[in-house]
Amino acid sequence: MTIALATTTPGEPEIFASLQGEGPSAGRPSLFIRLSRCNLACQWCDTAYTWRFTGDNRPHRDGQAFERGTNQLILPEDEVVARLLAFPQDRVVVTGGEPLLQAAALARVLAALKAARPGLHVEIETNGTVAPSLAIDPLIDQFNVSPKLAHSGNPAELALIPERLTAWAADPRAFFKFVVASPADCDEVAALQACYGIPGERLFVMPEGTDSETLRSREKWLSALALENGWRMTDRLHIHLYGDTRGT
Ligand SMILES: Nc1nc2[nH]cc(C(=O)O)c2c(=O)[nH]1
Ligand code: SF4
Ligand SMILES: [Mg+2]
């Protein structure tokens with residue numbers, strides 16, 4: 001059985017060690033694996049090479065299309081397990097794209113990893129639209145759920161699924177991470193928090209931006225809004241450290 005990964009360079013899967021740059025585990029040394037494909041299309045997506053393949057004309061701010069053959073790599077599951085086990089980290093971050101689109105294959109990979117390395121902590125970066133399958137759910141220690149607001153350009157009926165948001169709000173493993181580009185986006189965050197009863201302890205706001213200057217300037221007003229609303233704020237550490245680069 002196989003799994004579709006993103007690539008760092010053609011033919012090389014995007015599997016790398018880095019500090020978790022975002023959310024509740026920011027700063028923790030982690031092993032990342034980036035899966036290909038997404039069911040949403042955010043106009044500011046910083047990993048459009050996971051989904052915006054040639055022929056996909058959904059709007060994106062760069063308008064760039066990516067060749068599937070060089071930006072996607074299909075690997076056997078056992079090879080992915082072996083590549084991951086070659087790293088020493090005791091924390092894994094699964095990201096994408098939307099990794100839960102490949103829940104069946106991913107569950108088999110994570111089960112093999114956890115069997116080989118007991119105590120391994122697994123977190124997953126998800127857009128929050130896909131229910132984790134029964135097989136994968138118990139293998140995930142932390143869900144970093146990033147529901148997409150109106151400025152993403154996705155229709156709300158695709159991006160905000162009420163049953164899902166209700167389930168994440170009730171799951172103590174789920175941390176919400178809202179990407180915010182303007183102060184007005186925070187009105188939407190506040191409305192979602194009230195609607196679904198999301199505890200402030202599990203609600204992060206994060207500036208949209210792929211360079212330090214943008215992040216810093218947005219954090220000026222975002223930090224004040226976080227304080228006012230009782231939310232947590234997260235930076236994007238990896239952008240300051242490495243820039244907007246694959247495999248970091
Ligand atoms: N260092 C680092 N931390 C991250 N946290 C979430 C990431 C993502 O792309 O989902 C990410 C990433 O790409 N790199
Ligand atoms: S949900 Fe994430 S991976 Fe998918 S388009 Fe939006 S930002 Fe990109
Ligand atoms: Mg990223």
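1. Ile15 is buried because 20 other C-beta atoms lie within 10 Å. The scale: buried means 20 or more other C-beta atoms within 10 Å of the residue's own, exposed means 12 or fewer, and partly exposed falls in between, with C-beta atoms placed from the backbone. Ile15 sits in strand S3 (residues 15-19). Strands (E, at least two residues) and helices (H or I, at least four) are DSSP runs, numbered from the N terminus.

2. This is a predicted model; local features need pLDDT of at least 70, side-chain atom pairs count only at pLDDT 80 or more, and totals for chains, interfaces and linings use all residues. Residues are numbered from 1 along each chain as its sequence is written, while chains are lettered from A and ligands numbered from 1 in the order in which they are written.

3. Gly247 is 232 residues away in sequence, yet the C-alpha atoms of Ile15 and Gly247 are 6.9 Å apart. Beyond four places in sequence, Ile15 touches Phe32, Ile33, Arg83 and Leu84. Contact here means C-beta atoms, placed from the backbone, within 7 Å.

4. Now the sheet. It is open and mixed, with eight strands in the order S3-S4-S6-S7-S8-S9-S10-S11. S3 and S11 (232-233) are the edge strands, each pairing on one side only. Pairing requires at least two DSSP bridges between two strands. Strands S6 (residues 91-95) and S7 (residues 121-126) run parallel, joined by four bridges. Val92 has Val122 in S7 as its bridge partner.

5. Ligand 1 has Ser18, Leu19, Gln20, Gly21, Glu22, Phe32, Thr95, Glu125, His238 and Thr248 around it. A residue counts as near if its C-beta atom, placed from the backbone, lies within 6 Å. This shell holds two nonpolar, six polar and two charged residues. Ala, Val, Leu, Ile, Met, Phe, Trp, Tyr, Cys and Pro count as nonpolar, Asp, Glu, Lys and Arg as charged, and the others, Gly among them, as polar.

6. The shell of ligand 2 has five nonpolar, five polar and two charged residues. Among them are Cys38, Cys42, Cys45, Gly97 and Lys148. An unreviewed UniProt entry lists "binding site" positions including Cys45, Gly97 and Lys148; such annotations may be inferred rather than shown by experiment.

7. Gly97 lies in the loop between S6 and helix H3 (103-116). Gly97 is buried, with 29 other C-beta atoms within 10 Å. Its contacts include Cys38, Thr47 and Thr50.

8. Lys148 lies in the loop between strand S8 (142-145) and helix H4 (156-159). Lys148 is buried, since 22 other C-beta atoms lie within 10 Å.

Terms used. Two residues are in contact if their C-beta atoms, placed from the backbone, lie within 7 Å.
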